[in-house]
Structures are given as C-alpha cells and as structure tokens.
Amino acid sequence: MSSTELPSVSATSVLPRVALVRVEEGERLRSVGLPGVTLSIRSRPPAREGLPPALFVHGLGGSSQNWSALMARLDDVVDGEAVDLPGFGDSPPPDDGDYSVTGHARAVIRYLDAAGRGPVHLFGNSLGGAVATRVSAVRPDLVRTLTLVSPALPELRVQRTAVPTALLGLPGVAALFTRITRQWSAEQRVRGVTGLCYGDPGRVTPEAFQHAVEELERRLRLPYFWDAMARSARGLVNAYTLGGQHGLWRQAERVLAPTLLIYGGRDLLVGYRMSQKAARSFRDSRLLSLPDAGHVAMMEYPETVAGAFRELLCDARELDGKPVSARRLEGPGGTGSADVDAEVGTDLGGTGARS
C-alpha cells in the first residue's frame with residue numbers, strides 16, 4: 001500500500017456513534033450483527049400483516065434515509081426495509097475493509113439469509129444498483145423483483161461530471177480533497193451534492209436541506225467517513241473493469257427477476273443513454289424514463305417511482321413468474337424509452353480481498 005493511500009479502519013477502532021441518526025415518523029432503526037459486518041436497518045411497519053418483503057440499497061455517499069420518501073409511499077404493498085451499507089449511514093466499517101461491489105453484495109446477502117426475508121422486492125440506486133444487480137445474478141432465490149434507479153453499470157464513455165467521483169477512488173485523492181475542502185461548510189457541501197444529484201435542486205425543501213446538512217455534519221465527524229467513500233468509489237471503478245462472467249453487464253443478462261429500470265434525463269452521474277443498453281441487457285425489463293429527473297429519482301419523484309413499481313408488482317403477480325417483454329412506461333414530462341456462476345457465488349459467500 002502506498003504512503004498516500006488511506007489505511008483501512010477497523011469497526012472496533014471507531015466510535016459506534018457520534019450523534020443520533022434521524023428517523024422519520026413511523027420509521028424504526030435497528031442494528032444487526034452478522035459475521036464480519038454490522039448493519040443498520042431502517043424499517044417502516046407495513047400497513048397490514050402479510051405483505052411481501054422489500055429491501056432498499058442506497059448509492060455512494062448515501063444512506064438508508066435516501067429511501068424514506070419512497071418507503072412511506074409503498075407501505076401498503078410491501079414490508080419495507082432499507083440497509084445502510086458497511087461504512088455508510090449508521091453502519092460501521094466491515095471488519096475486513098472490503099468496500100468492493102462484491103463486498104457490499106455479500107453484506108446484503110448475509111443479511112437476507114440471516115433474516116430469512118427472501119425472496120424480496122430488491123431496490124438499488126447508483127452503487128446500490130450495481131450491488132443489487134450482482135445479488136440478483138448470483139442469488140436469484142433471494143430476489144422477487146428488481147427495481148434499479150440510475151444503476152452504476154459500466155459506461156464506455158463516462159460523463160465528465162462523473163469523473164471527480166471516480167477519481168475519489170484513486171490512492172491519496174480523498175486525503176487531498178479533504179485538505180483542499182477543509183474550510184467548506186456542511187451547507188456548501190450539501191448544496192454541491194444536491195446540484196450534482198437532482199435534476200432540479202429547487203425540489204429540495206428547506207427542511208429537507210437542513211436535515212441533509214445535519215446528517216453530513218454527523219458523518220464528517222466519523223473517522224472512517226472518507227475511507228468508506230474512497231474505497232467504495234475504488235471498488236465501483238474496479239467493478240467497471242471486470243470482464244467475462246464477473247462483468248456487471250454479463251451479470252445483468254443473468255438476472256431472472258422482473259426488472260424496473262428508472263433513468264433520469266438530467267442525471268450527471270449515470271448516462272441517460274445507458275438506459276437503452278440496460279433495457280436490452282435485463283431479459284425481463286421495463287424502462288421508466290424521467291426527462292426532468294437527476295440521479296436520485298426516488299427522492300425527486302417518489303410518487304412516480306412508486307406508481308411504476310406498483311405496476312411492476314401487479315404484472316408480476318398476474319404473470320406468476322412468466323417473462324414479460326421489455327416495455328416503456330410514461331414518466332412526467334415525456335415517455336421513456338441463467339445459470340448462476342459457481343465461482344462468483346462462492347466468492348460472495350466467503351471473505352473478499354480489500355478494495
């Protein structure tokens with residue numbers, strides 16, 4: 001490891017909490033200890049008993065809070081839980097320091113196996129979309145349907161606006177960025193992230209903006225914050241370079257679950273043009289294109305995303321597992337456009353190398 005690379009931070013060497021994590025009305029937050037990892041799980045009790053389970057996986061730099069608005073709009077059709085990936089939200093770093101896509105997928109699989117909640121309706125955004133794709137490919141028994149919001153799948157021509165995020169994964173860059181931005185306030189940082197992730201930052205209410213500032217202030221005090229960001233960014237870049245059976249696009253082709261793909265026309269991090277490739281790659285897919293949305297459509301247009309998932313859910317029930325052809329769904333402002341590899345499955349079940 002070079003002298004400029006951030007050292008791994010063990011979960012046992014950090015404070016378990018520097019401040020209380022915000023929990024929306026009606027939500028619960030609990031900690032689940034698993035082999036090699038401890039996960040924070042945010043849940044919203046379903047409107048009635050017997051609803052099918054759902055699990056929501058956030059993106060790079062996000063947390064389970066990113067799904068609160070959508071979970072609240074789906075509590076009458078699913079029993080929803082959102083996970084804080086290792087090192088994010090209220091979850092401490094993984095014991096082995098593995099922040100790769102495979103490492104995050106392994107944590108999700110371990111939780112689902114331990115909780116006995118599978119198969120679930122699995123949701124993923126950005127990095128969480130890559131994680132959810134890998135989970136769906138290697139453990140189809142755990143996934144009932146798959147909903148991906150701007151999934152971080154490999155692009156041949158990455159948008160210039162996404163380059164700084166990718167560079168964060170290079171050794172030493174996170175430490176350099178921390179020094180350069182030492183004087184930036186949490187408000188300045190949140191405003192920058194909002195401008196990068198939302199198609200229209202004006203949709204963020206003053207109350208939501210203040211909550212985001214408070215959460216960032218809390219997380220900046222965590223000694224492993226930048227380590228988790230840098231290593232997860234590096235793990236995502238590494239996943240982009242994998243080919244053959246380990247490649248994310250190859251794994252997308254193996255997904256058996258009915259899949260809802262959601263892309264934003266103003267997304268500065270995941271290319272809108274990738275929506276067509278995704279629609280062709282996921283064998284049982286439908287595409288919701290939102291011309292005015294950015295990178296986090298589930299936060300920007302939660303009602304629209306909820307409506308699209310309800311349609312997916314209805315069709316999945318009616319077809320009883322029979323494949324549906326790729327189709328387009330209406331979005332606000334316009335229209336939008338198998339066997340599991342044993343080696344990868346074994347890799348997800350064991351311990352992984354550091355990213």
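**Entry 1: surface and overall make-up**

I began with the surface: the protein exposes about 15100 Å². Carbon and sulfur atoms supply 53% of that area. I note here that the model is predicted. Next I looked up burial. Of the 355 residues in the protein, 54% are buried. I then went through the secondary structure and found 13 helices and 10 strands.

**Entry 2: helix H8**

I picked helix H8, residues 225-241, and checked its length. At 1.5 Å a residue, its 17 residues should span 24 Å. I found the end C-alpha atoms 25 Å apart, which agrees. Is H8 enclosed or open? I looked at burial along the helix: 13 of the 17 residues are buried, so H8 is largely enclosed by the rest of the structure.

**Entry 3: aromatic pairs**

How many aromatic pairs does the structure hold? I found five. I looked up the rings of Phe 56 and Trp 67. Their centres lie 5.3 Å apart and their planes meet at 45 degrees, so I logged the pair as tilted. The cut-offs matter here: a pair under 30 degrees would be stacked, and one over 60 edge-to-face. Phe 56 belongs to strand S3, residues 53-57. Trp 67 sits in the loop between S3 and helix H1 (68-73). The two are 11 residues apart, and the pair links distant parts of the chain. I checked accessibility for both. Phe 56 has 0% relative accessibility and counts as buried. Trp 67, at 0%, counts as buried too.

I turned to Phe 123 and Phe 309. This aromatic pair is tilted as well, at 4.9 Å centre to centre and 50 degrees between the planes. Phe 123 lies in strand S5 (residues 120-125) and Phe 309 in helix H12 (residues 302-319), so the pair ties together parts that are 186 residues apart in sequence. Both of these Phe residues are buried. How do the four residues group? I found that Phe 56, Trp 67, Phe 123 and Phe 309 form one aromatic cluster.

I checked the peptide bonds. The one from Gly 118 to Pro 119 is cis, with omega near 0 degrees. Pro 119 is placed in the loop between helix H2 (101-115) and S5.

Then I looked up phi values. Ser 126 has a phi near 55 degrees, a positive value in a residue other than glycine. Ser 126 lies in the loop between S5 and helix H3 (127-138). Is Ser 126 buried or exposed? Its relative accessible area is 11%, and buried means under 20%, so Ser 126 is buried.

Ser 150 also has a positive phi, about 45 degrees, although it is not a glycine. I placed Ser 150 in the loop between strand S6 (143-149) and helix H4 (163-167). At 1% relative accessibility, Ser 150 counts as buried.

**Entry 4: Ser 281**

I moved on to Ser 281 in helix H10, residues 274-281. Ser 281 has 10% relative accessibility and counts as buried. I looked up its separation from Trp 249, which is 32 residues apart from Ser 281 along the chain. The two C-alpha atoms are separated by 7.0 Å.

**Entry 5: a cavity**

Which residues line the second largest cavity? I listed Arg 44, Met 71, Leu 74, Asp 75, Val 78 and Gly 80. I sorted the lining by type: three nonpolar, one polar and two charged.

Notes:
Residues numbered from 1 in each chain as written. Predicted model: local features only at pLDDT ≥ 70, side-chain atom pairs only at ≥ 80, totals over all residues. Heavy atoms only, no water. Helix = DSSP H or I, 4+ residues; strand = E, 2+ residues; numbered from the N terminus. Buried < 20%, exposed > 50% of the residue type's maximum accessible area, 1.4 Å probe, protein only. Areas by Shrake-Rupley, 256 points an atom, 1.4 Å probe, with all protein chains shown as cover. 1 Å grid on protein atoms, 1.4 Å probe; cavity = no way out; pocket = protein on both sides within 12 Å on 5 of 7 lines; lining within 4 Å. Nonpolar A, V, L, I, M, F, W, Y, C, P; charged D, E, K, R; others polar. Expected span 1.5 Å × (residues − 1). Phe/Tyr/Trp six-rings, centres within 6.5 Å; stacked < 30°, edge-to-face > 60°.
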